[in-house]
Amino acid sequence: MTIGAERDAMLKPDAVDMADAESLTTPAGLDARATLTRRRRIVLLFNVTTWLLVVAITASLLSQGGWTITAAVMVICVALGIPWPILGFWNAVIGLWQLHGRRSGATNRSAFSDFETGRRPITVNTAVLMTLRNEDPARALLRLKIVKASLDRTSDGARFSYFVLSDSNREDLIREEEALVAEWRAADPDGDRIVYRRRTGNEGFKAGNVRDFAARWGADYELMLAFDADSLMTGDAIVGLVNIMQNHPRIGILQSLVVGMPSSSAFARIFQFGMRLGMRTYTMGQAWWVGDCGPFWGHNALVRIKPYVEHCQLDGLLGGEQILSHDQVEAVLMRRAGYEVRVLPIETGSYEDNPPDLLEFMRRDARWCQGNLQYFRLISLTGLLPVSRFQLSWAILMFLGVPAWTLAAALLPMLALNAQNVADFRWHTVETLYAVLFVMHLAPKLAGVVDAIMMPGEVHRFGGSARFALSAGMEILFSLLLSAMTTIRTSIFMLALILGKSVSWNGQQRDGAGISWPTAFAALWPQLLFGTTLYAALAVISPPLLIWSLPLTAGYLLAVPFAVITASPSVGRVFRRYGIAGIPEDFDPPPEIKSLDAGR
């Protein structure tokens, strides 16, 4: 399916038009703002009502026979842990409705229809940035070269310049970076538009790296496109995004929908298969109500440089402490300045790598956790819009709910003991509530499967019905096991943060080489210990509850073999050979991904 066909099938006529939204003094602009406000109130009503119902039913069930400390703590855990699945459920439902529940396709204008139909010659200059910090230089620069080659195949390639912004401090990598960029510049006829700059310090981390670029070269460019070391985009996708920014000068940040690239790692393949399915309905549903207060993921996104320099300064916001997760903070500051932050909720040719194994995935989660928890001190910044404050709060709650679920699991044996002392305990209602919450937890994935089935030709793009069904079932099981493993790791890490521990933000392991059994055990013994203790207690107190808990707790016991098997290069080769957990680019790769495979 082409981007245009996919867009026509997905974007719906009642999307708030950006041109109208930008002219808020006009009747059309006021109507657009009223529509967006109404949507937000609807989503708020749905989420708050669902949360109140779940908490009330949980409290009613657990208070049978009188309140106990265990029951009270369990209710608090549910209250803290359930908001994230509830919003995910409603985003997925709204997204699926947007994609397939309306009759009239794309008959009217949509917010992003000019991704293709409104294209005009590019008149703005864009800087394409790749930020590095002790990464594999050859691996990263190959991607940037492919991006340039793809842009050069368009009619607007001369409007783009390329900056390699290094914060590396390893001498061997610094020498390799310098040599590879010099070789590239010498071989490319546009060598004057390829720049290498290395900072001797790492002040401000990635955000400081980008801001240093903006201070030195920002005046020469209207837009910048920031890449991580694993980023890749097609030239057509970039030109389409630049067209939107050029046509709508009030957009300060335009985030593309980033999807995973083909991988030889079984872990990455299964993970990104689920993300590929779930993100489309989730992001479409989210875009329906966040509108001009969209998310920013820090890479594969266009940023308007002038307002970024003037309004997105991070220094001093936390006193002398540096902000770790800069992206969403820059987004809310951009919105505070009156500029829109938008996400393009369709697949356009914007890619990244996913972690190759469980241990690297958990390291990334820990970095995000530490960064997001800093938002506690930023929610009260003056002038932020209500939706912006919500987004910072939501980023916190994403991790705050994790130890709540861990504690809830730990309390299951005590809950079973209390229930045994209550005559006619309403276990059937508990089972119904459990099933409802289970479906809510899986809603984005299930909505993604339904979306793929309902979109003509989509299942074929994933390798056909048999591969799709096998991969979808495998991914749901994978995600349930992964959730249990990561909750323990994140809970321990959050406790360590309270005690003053921190993580370093450095180069990442992008390619998988396998995990040995001793390495897996050394990293995952807490999950095994927690699971063994929990299962032993439940086996004695309530074997039926043990069986019911398996979908959400089996990951504790299986963490070590899960990590070893999903990281195994031989398993990954089997997955790739037979197209298991394959994404569309596995079966029909675009030229950019073909070039990447050839370059490897």
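This is a predicted model: local features need pLDDT of at least 70, side-chain atom pairs count only at pLDDT 80 or more; totals for chains, interfaces and linings use all residues.
User: OK, aromatics. How many aromatic pairs does a search of the whole structure find?
Analyst: The search gives 24 aromatic pairs, where rings of Phe, Tyr and Trp (its six-membered ring) pair if their centres lie within 6.5 Å, and planes under 30 degrees apart count as stacked, over 60 as edge-to-face and the rest as tilted. One of them joins Phe-478 and Phe-562, whose ring centres are 5.3 Å apart with the planes at 40°, so this pair is tilted.

User: Where do Phe-478 and Phe-562 lie?
Analyst: Phe-478 is in helix α18 (residues 465-498) and Phe-562 is in helix α20 (residues 543-567), so the pair ties together parts that are 84 residues apart in sequence. Helices here (H or I, at least four residues) and strands (E, at least two) are DSSP runs, numbered from the N terminus.

User: And are Phe-478 and Phe-562 buried or exposed?
Analyst: Phe-478 and Phe-562 are both buried, a term that means under 20% relative accessible area, with exposed being over 50% and partly exposed in between (1.4 Å probe, protein chains only).

User: Which residues do ring pairs link into a cluster?
Analyst: The cluster consists of Phe-267, Phe-271, Phe-361, Phe-478 and Phe-562, linked by ring pairs.

User: Which ring does Arg-250 lie over?
Analyst: Arg-250 lies over the face of Tyr-339, at 4.1 Å from the ring centre, and Arg-211 lies over the face of Tyr-308, at 4.8 Å from the ring centre. A charge sits over a ring if NZ of Lys or CZ of Arg is within 6 Å of the ring centre and within 35 degrees of the ring normal.

User: Switching to salt bridges, how many does the structure hold?
Analyst: The structure holds 28 salt bridges, each being a side-chain nitrogen of Lys or Arg within 4 Å of a carboxyl oxygen of Asp or Glu. Among them is the pair of Arg-342 and Glu-340, with N to O at 2.9 Å; Arg-342 is buried at a relative accessible area of 4%, and Glu-340 is buried at 5%.

User: What does Glu-475 form a salt bridge with?
Analyst: The partner of Glu-475 is Lys-445, and the closest N and O atoms are 2.9 Å apart. Glu-475 lies in helix α18 and Lys-445 in helix α16 (residues 427-454), so the pair ties together parts that are 30 residues apart in sequence. Glu-475 is buried, its relative accessible area being 5%.

User: What about Arg-461 and Glu-458, where do they lie?
Analyst: Both are in helix α17 (residues 458-461), 3 residues apart, about one turn of the helix, and their side chains meet in a salt bridge (2.9 Å, N to O). Glu-458 counts as buried at 0% relative accessibility, and Arg-461 is buried with a relative accessible area of 19%. Both also belong to a network of salt bridges that links Arg-276, Arg-280, Glu-347, Asp-451, Glu-458, Arg-461 and Glu-585.

User: Now strands. How many residues of β4 are buried?
Analyst: Strand β4 (residues 223-227) is mostly covered, with 5 of its 5 residues buried.
Analyst: Strand β1 (residues 126-132) runs parallel to β4 and is joined to it by 5 bridges, with Met-130 opposite Phe-227. Strand β8 (residues 301-304) runs antiparallel to β4 and is joined to it by 4 bridges, and Val-303 in β8 is the bridge partner of Met-224. Two strands pair if DSSP finds at least two bridges between them.

User: What order do the strands have in the open sheet of 3 strands?
Analyst: The order is β5-β10-β7, with mixed pairing. β5 (232-233) and β7 (259-260) stand at the edges with a single partner strand each, so one side of each is left without a neighbour in the sheet. β5 pairs with strand β10 (residues 350-352) in the antiparallel sense over 2 bridges, and Leu-232 stands opposite Tyr-351 in β10.

Methods:
Residues are numbered from 1 along each chain as its sequence is written. Side-chain values use heavy atoms; hydrogens and water are left out.
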